[in-house]
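Biologist: I have not looked at this one before. Can you walk me through it?
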Amino acid sequence: MMNDIQYWLNENGPLAQTLEGFRVREQQLAMANTIDQAITEKQVVVVEAGTGTGKTYAYLVPALLSSGKVIVSTGTKTLQDQLFHRDLPFLREVMKLPISVALLKGRANYLCHYYLDLTLTEGRLRDRQQVDQLNAIREFAGVTQTGDKSECVSVPENALIWSQVTSTKDNCLGQDCPHQSDCYVLNARKKAAAADLVVVNHHLFFADIMLRDEGAAELLPNAGTVILDEAHHLPDVATLFFGQSQSTAQWLELGRQMVVEGVAQQLVREELDNMILPIEKGLRDIRLLFTQRDGKLTFQSVLSIPGFVDGATQLLLNLGRLNTYLSPLSGQSEGFDKIISQWQKAYQFFSLWLNPTNDEPDAIRWLDCFTQSLQFHYTPLSIADIFKAQIESQHKAWIFTSATLSLRGDFSHFVRDMGLDEALTFCWDSPFNYPENSLLYVPTGLPQPNEAQYTEAVIDSAKPVIKASKGRTFLLFTTHRALQEGAKLIREWLDDEELDFTCLVQGEKTKMELLDQFRQSMNGILCATHSFWEGVDVKGEALSLVVIDKLPFNPPDDPITAARIDAINRTGGNAFIEYQLPKAVITLKQGAGRLIRDEEDRGVLMICDPRLIEKSYGRRIWMSLPAMKRTRKIEEVLQFFDINSLSVD
């Protein structure tokens, strides 16, 4: 009985008796039984489970009851930490199972003794803040058991100083490191190797696949079962890892490391500077060519920028000159040899990226432009065959799950993108009472989304609804430009009307600070874009309205989108129906999913895009959303809030 899924998930089971608010869900039980069978029979299954199904326990219970080793991979570190620090300890306690569990993150999350010592001795720090942060990290190193930088609360996880005190796959000294016995990365891996269940994230999971393909030691322990939650992220993450990318920031940091390591090996500082300074200048000069641009650029658009070809050609020559200088210096130290190897890879990569004669027909070259750096990408057109080979080479259970994977139960786009042609697919709708507790509102009279005054029209349409909701609103935008314009209009309106709503804007504080303030205010209007469309959980009265400005289609000039559209259309397919529409629906479902997070939640989903009604494909999108009541009348929206008005202190 103890191994019976029904025993653990029924209304009289141990979970129901222990977990406050536990509800028996037919969908949860069916999903758990499906996953239990997949684990036993080593099947490949794709599962969509709507919000409220309880999918986390639906896969963790059979995973904990299984006899083999299990890897659980998540799309975000947030869910990774939630599983390890909350869900798994609870289940292990209730189920009384002698199961060992480990949390494993990527190398960059762990402090490195060697590079900490090197930076303390020779490091070139940018400012006083980095000096203070380095001292805080030194104190942290004296007390930490894990070396996980997330535990060093006095230094932000995204602080630049971390790159100087952590290692990478390329610069790790391995067995030659004097601190090998105390290595936090090795200790974390040893724990993972000995554990029955290991919690990782998708980036680490695919990094391990790449290491395995290169014949290197496996990062992740062998397992009989792999469960990939938040699986809608997988195509994009896999594309990143099965391609190649390097950045100007990465090369600048490598130059800093070369000088530090070279001086430590008593090389002539002037010679090192003569080699690296022209490269640093070239990198900064190229970056200045993009001061008026941001985001993703196609290879052809990059080549058309005045000065780029000449600057990039000179940079390639300087990289070649540097490699010629470094080649005879191998053998100085293990650390310096690692740096030499990285510069060789940098030269080879940039030569491949820049030289059209080396291009491959199934690869996409493009550039990502950030505030402080440029990232060069060489991306496969499709990862389906690559990932399919991984599945077929490893006889184990593969479980892919998410709340948003299908278009009304049609998984064809996901299984095609991931090469899962033989996978079994299952879909369970949310158990929440959407028809009674929610309303989908598409306003009338809005212009087309490509018209200049569109965002202003969206805000004007949203104002009476926000008033009726007493704030308590997420305003989700598809672009940062629309976010800034919309937030400005909202704040002007609040001032003009003297409305006492709290307006919060993504980017002005951290994500957690914004969410905490939103929950506490009970009248907040949170204006946000991509990072708030998913992974955000606001239950109860604090959130009663979600406004989405328009359907989240990827811009057609996005390099990967453009290349894949062209490839599908050239082979006689319909890229819009097969590729663009499914991706937009998945993203829209994620945004819509912010509204109803609990069976007691009530609220309105307002989608402002007239294409949802006017275009032939709109019905497919419409029917993919939860079974809410639909309306186009503002009167029915106001009546909904009047009927469902909640007391707000």
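**A first look around**

Modeller: Start with Gln342, which is placed in helix H16 (residues 334-354). Keep in mind that this is a predicted model.

Biologist: Is Gln342 buried or exposed?

Modeller: Gln342 counts as buried, because its relative accessibility is 11% and the cut-off for buried is under 20%.

Biologist: What does Gln342 touch, leaving out residues up to four places away in sequence?

Modeller: Thr168, Asp170, Asn171 and Leu254.

Biologist: OK, strands now. Where does Val546 lie?

Modeller: Val546 is part of strand E16. Its relative accessibility is 0%, so Val546 counts as buried.

Biologist: Which residues is Val546 in contact with, apart from neighbours within four places in sequence?

Modeller: The contacts of Val546 are Phe474, Leu476, Gly591, Arg594, Leu595, Val604, Leu605 and Met606.

Biologist: Let's switch to rings. How many aromatic pairs does a search of the whole structure find?

Modeller: The search gives 26 aromatic pairs. One of them joins Phe553 and Tyr617, with an edge-to-face arrangement: the centres are 5.9 Å apart and the planes make an angle of 85°.

Biologist: What parts does that pair tie together?

Modeller: Phe553 is in the loop between strand E16 (545-548) and helix H23 (559-570), and Tyr617 is in the loop between helix H25 (611-614) and helix H26 (618-624), so the pair ties together parts 64 residues apart in sequence.

Biologist: Which residues do ring pairs link into a cluster?

Modeller: The cluster consists of Phe205, Phe206, Phe242, Phe387, Trp398, Phe400 and Phe414.

Biologist: And charges over rings, what is there?

Modeller: Arg365 has its charged end over the ring of Phe299, at 3.7 Å from the ring's centre. Lys511 lies over the face of Phe532, and the distance to that ring centre is 5.3 Å.

Biologist: Helix packing next. How do H12 and H13 cross?

Modeller: The axes of helix H12 (residues 248-264) and helix H13 (residues 269-288) come within 10 Å, crossing at roughly 170°. H12 and H13 are therefore roughly antiparallel to each other.

Biologist: Which residues meet there?

Modeller: From H12 there are Thr248, Trp251, Leu252, Gly255, Met258, Val259, Gly262 and Val263. On the H13 side they meet Arg269, Leu272, Asp273, Ile276, Glu280, Leu283 and Arg284. By class, the contact of H12 with H13 has eight nonpolar, three polar and four charged residues.

Biologist: How many residues of helix H4 are buried?

Modeller: Eleven of the eleven residues of H4 (residues 55-65) are buried, so the helix is largely enclosed by the rest of the structure. Among them are Lys55, Thr56 and Tyr57.

Biologist: What about Thr51, where is its place?

Modeller: Thr51 is in the loop between strand E1 (44-49) and H4. Its relative accessible area is 18%, so Thr51 is buried too.

Biologist: What does Thr51 touch, not counting residues up to four places away in sequence?

Modeller: Thr51 touches Ser430, Pro431, Phe432, Tyr434, Ile596 and Arg597. The C-alpha atoms of Thr51 and Gln590 are separated by 9.9 Å, although these residues are 539 residues apart along the chain.

Biologist: Last topic, the backbone. Which residue other than glycine has a positive phi near 55°?

Modeller: That is Lys42, in the loop between helix H3 (26-41) and E1. Lys42 is partly exposed, with a relative accessible area of 31%.

Biologist: And phi near 50°?

Modeller: Arg472 has that positive value, and is likewise a residue other than glycine. Arg472 lies in the loop between helix H20 (454-469) and strand E13 (473-476). With a relative accessible area of 3%, Arg472 is buried.

Conventions. Residues are numbered from 1 along each chain as its sequence is written. This is a predicted model: local features need pLDDT of at least 70, side-chain atom pairs count only at pLDDT 80 or more; totals for chains, interfaces and linings use all residues. Side-chain values use heavy atoms; hydrogens and water are left out. Rings of Phe, Tyr and Trp (its six-membered ring) pair if their centres lie within 6.5 Å; planes under 30 degrees apart count as stacked, over 60 as edge-to-face and the rest as tilted. Helices (H or I, at least four residues) and strands (E, at least two) are DSSP runs, numbered from the N terminus. A charge sits over a ring if NZ of Lys or CZ of Arg is within 6 Å of the ring centre and within 35 degrees of the ring normal. Axes are lines fitted to C-alpha atoms, for helices over the stretch in contact, and angles run from 0 to 180 degrees between N-to-C directions. Angles under 35 degrees count as roughly parallel, over 145 as roughly antiparallel, 65 to 115 as roughly perpendicular and the rest as oblique. Contact means heavy atoms within 4.5 Å. Ala, Val, Leu, Ile, Met, Phe, Trp, Tyr, Cys and Pro count as nonpolar, Asp, Glu, Lys and Arg as charged, and the others, Gly among them, as polar. Buried means under 20% relative accessible area, exposed over 50%, partly exposed in between (1.4 Å probe, protein chains only).
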